[in-house]
Amino acid sequence: MLPTKRPPSPSGAGAEDGGDAKRPRLGESGTTDDRALPPPQEIDEDLHSRQLAVYGRETMRRLFASHVLVSGLNGLGAEIAKNLALAGVKSITIHDVKNVEMWDLSANFFLSEDDVGKNRAVACVAKLQELNNAVLISTLTEELTTEHLSKFQAVVFTDISLDKAYEFDDYCHSHQPPISFIRTQVCGLFGSVFCDFGPNFTVLDVDGEDPHTGIIASISSDNPAIVSCVDDERLEFQDGDLVVFSEVHGMAELNDGKPRKVKNARPFSFSIEEDTSKFGNYIKGGIVTQVKEPKVLCFKTLRDAIRDPGDFLLSDFSKFERSPVLHLAFQALDKFMKDCGRYPVAGCEEDAQSFLKISADINEASVDRKLESIDEKLLRQFASGSRAVLNPMSAMFGGIVGQEVVKACSGKFHPLYQFFYFDSVESLPTHPLDPQDLKPSNSRYDAQVSVFGSKIQKKLEEANAFVVGSGALGCEFLKNLALMGVACSGKGKLTITDDDIIEKSNLSRQFLFRDWNIGQAKSTVAATAASVINPSLLVDALQNRACPETENVFDDTFWEGLDVVINALDNVNARMYMDQRCLYFSKPLLESGTLGAKCNTQMVIPRLTENYGASRDPPEKQAPMCTVHSFPHNIDHCLTWARSEFEGLLEKTPNEVNSYLSNPAQYAAAMRKAGDAQARELLERVSECLDKDRCSTFDDCITWARMKFEDYFSNRVKQLTFTFPEDAATSTGTPFWSAPKRFPRALQFSAADTSHLNFIMSASILRAESFGIAIPDRAKNTSKLADVVKKVKVHMFEPKKGVNIVTDEKATNLSSTSVDDVSVIDDLLAKLEEYAKRLPSGFQMKPIQFEKDDDTNFHMDLISGFANMRARNYSIPEVDKLKAKFIAGRIIPAIATSTAMATGLVCLELYKVIDGKHPIEDYRNTFANLALPLFSMAEPVPAKETEHQNLSWTVWDRWCIKRNLTIAELLQWLAEKGLTAYSISCGTSILYNSMFPRHKDRLNKKVVDVAKEVAKVEIPEYRSHLDICVACEDENENDVDIPVVSVYFR
């Protein structure tokens, strides 16, 4: 769902380079290096695998060594602390001098009514510690001084005055090494962040993306030289990027490792600032790789930046002039509180006037940045809700600030430079707010009521919501909904469903789960945890997948009773299904997704916006089958092949063996009926498995593994290079081994090579497991393993002539059909009968299903061994087991910060949905990348409208007829709308077509009866209607696409 292209440079958002060309290390000021990379720490890869896929080991180690202060445990402080605990910093000190009030329960999910009167930090510490026992959580409840700050790498303040912020930031900025300072506030529907990471802060990786690469096709002997790359994939280089060359044949001078600047970047070519006319002539090959350089940022202090803030980071270009106004508003709020000792009262005209005067005075004093006009309505809205810390805003800003702390501690990703302001005034109700409707009533929702009024609060509490998925997004949504009061009265209900169970890797971001919940149902645990946050929540937790097979559970009555659907899914197919159901029942769908530091949200609103399925990302490009199997040129190809071989050897073939042994006659009949090359290959694999590859002892398994090594990494390569020698040419005379093909070399097995032995170890252990053979202790002893392997006799391989190796990139099957397939199948089946007789009674193999998240099961050991040996064949850089796990396991990178931000943004839209009267202009779709940072918000695309005479409809419409009518009556019903129906269908069956004379007999029959008779439709008891598609034309015989017609027959 998320874009993969490189977004614009963050420089447009106000980032600057500071200092000269020197490159201090992270956190250095001048030449002092007080924050070099800490000693390597053990990383729990099972727990942090998804986060490691985003950050990498070095960043994680820096995080594990970082001490952070979070001051102000309001809802925003709680969100920030939660995200940092999940990220895994070394310690978090939470500071607060205030006590818990009922007001705080609107946004702080750690608190309950029992905590009222306690210190906010003390009340939160135990529940915060539960999130990650590896993080040291402590409290500080006295007034802060600068001396308290010296032991931290980063400090975050959510609830301090501007004067105090100046004092603390001045200290942090001048400290050696500098302490990263962040001040952030949420005031109703308005929020701000300020970052100061010191005078010289080094960003080690500005975007977190892998360096872009290209496979070279040619290099000109010219000045400047033109580099052309194969058209396998578009280049992602931009002008000014630095690149290095490797593996270039002929023009070897370019292989010197010197970075060269890209010019005139095109989709498949670019120039370099280099005179290659005196270099050797280019012959072939070469890889060009982007060089990612560190970047030094010079931050201003808050005292200086408040007067001269520079460029603001924008999020919504429809509010281009908004940030300067909010810059003024937050200063005015600080002055109001300094003068009055409190926040403005919601809906109070006197306070509003006072706030406007303060704002005007500050603006007048701002000579250089004076605003020509002040939006008084906006400032009134700001003042009225300024005391409220709303949950959705806290979730959003908690994600942003949590990520900024990670940047401060690690140098990973580009920091926010330096101010960011945001508002969501569009979320306010469409009706005028009565000041009496905003008054507190000593309720946990008082803060939210002070912004939205009690009428919206009542609607939230009575809402019927459906959350699909209770993973990372689902946990955050449940927390948000509980705090907002959704479905928290006797009239509302929240249904959540997820068919998954909790695994260890979930715990680093799915924050409602604890280690003692591993193995339990996600939806049940999440619902129970959400009920602890708000005991009034009425939640029904189900373990059903939302799909066509469960429409008896999620039936018409269920759907018709819903007010909103919130997706918390991780795959496109499920999203598409939910989209179609929401379209059908005309229900709002709030969609979101994350990918590492990126997130997006999409609002699908009945009759206003296009649906989710109206626009889709293009499918990911798949490597041709022949490339993966014979001509890999990157590690992804090797890992794709490795996983395929793993599944073939250890899951599919054992399953086939068991299918045969369970019912030989039925299996033989199926193979004979197929009678093709694929059936022949299946039988060959089953035959080999029960004959020459059958294992009875663990030493047999070692022998099998050694022979597999020889087959995969030596014999097959020898056959390939025999069939296509290094100097082979294509039919057009061009070299066969041209880029992107890489000429392979066979491996010579060596027991002294640990990677060779590790392959044998993992392969033999898993082979033994599949045959039910006990695994001896010596299996994991490399020296004893080597002794056995050395005794295995390996026969000399002789390549064969006439072997067919598929080179067609469009081929979808590597099996070659033969005229002898049928007879070969008969021979193989006869042999199988003989092999089966030799087996012990009741023999069955144990198929092994790939499981990536268990580092003790040898699955990833074997797959990474497969891939790296193959990479070695083709001179492709090898990867460690963790990187192999990301690629082969298809792990989606995930972190808590982007998840929190996405759910906060969605819940800001939920206010609009519950109000029910907002125009499309008020809704926002968002794409954000916290790494850059980049925030891009825009109105949703409106639904396409079709018009006919005085009628109009969109994809959201369904024409419902509430009577059991005949086909003739249906035709008449449409004729009254100026439409001539010529065909009626149900599913794939035609119920009526005007061209077929015999169909006239059906005119006087009920539509539903014809459907049952012709289409064999079985309508379940819970459904009272039948859907049909009708093809129509207008009076000019032009086709008109009309909505689905639903005939309610009972």
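Which are the buried residues of helix 2? They are Thr-59, Met-60, Arg-61, Arg-62, Leu-63 and Phe-64, where buried means under 20% relative accessible area, exposed over 50% and partly exposed in between, with a 1.4 Å probe and protein chains only. The model is predicted: local features need pLDDT of at least 70 and side-chain atom pairs count only at pLDDT 80 or more, while totals for chains, interfaces and linings use all residues. Residues are numbered from 1 along each chain as its sequence is written, and side-chain values use heavy atoms, with hydrogens and water left out.

**Helix 2**
- Helices (H or I, at least four residues) and strands (E, at least two) are DSSP runs numbered from the N terminus.
- The buried residues of helix 2 pack against helix 1 (45-55), helix 3 (75-87) and helix 11 (391-410); contact means heavy atoms within 4.5 Å.

**Cys-626**
- An unreviewed UniProt entry annotates Cys-626 as "active site". UniProt positions are given in the numbering used here, feature names are shortened, and annotations may be inferred rather than shown by experiment.
- Cys-626 lies in helix 18 (residues 625-630) and is buried, at a relative accessible area of 3%.
- Leaving out residues up to four places away in sequence, Cys-626 touches Phe-631, Val-806, Thr-807, Asp-808 and Glu-809.

**Glu-591**
- Glu-591 belongs to strand 20 (residues 589-595) and counts as buried because its relative accessibility is 0%.
- The side chain of Glu-591 makes a polar contact of 2.8 Å with that of Asn-567 and another of 2.6 Å with that of Arg-575.
- A polar contact is a pair of N or O atoms within 3.5 Å; within protein, one must be able to donate a hydrogen and the other to accept it, and residues adjacent in sequence count only if both atoms are side-chain atoms.

**Helix 13 and helix 28**
- Helix 13 (residues 454-461) packs against helix 28 (residues 896-915) at about 95 degrees, with the axes 10 Å apart.
- The two helices are therefore roughly perpendicular, a class that covers 65 to 115 degrees.
- Ile-456, Lys-459 and Leu-460 of helix 13 meet Tyr-911, Ile-914 and Asp-915 of helix 28.

**Annotated C-terminal span**
- For residues 923-1045, UniProt (unreviewed entry) lists "domain: Ubiquitin-activating enzyme E1 C-terminal".
- This span is 14% helix and 37% strand, and its end C-alpha atoms lie 30 Å apart.

Methods
Axes are lines fitted to C-alpha atoms, for helices over the stretch in contact, and angles run from 0 to 180 degrees between N-to-C directions. Angles under 35 degrees count as roughly parallel, over 145 as roughly antiparallel, 65 to 115 as roughly perpendicular and the rest as oblique.
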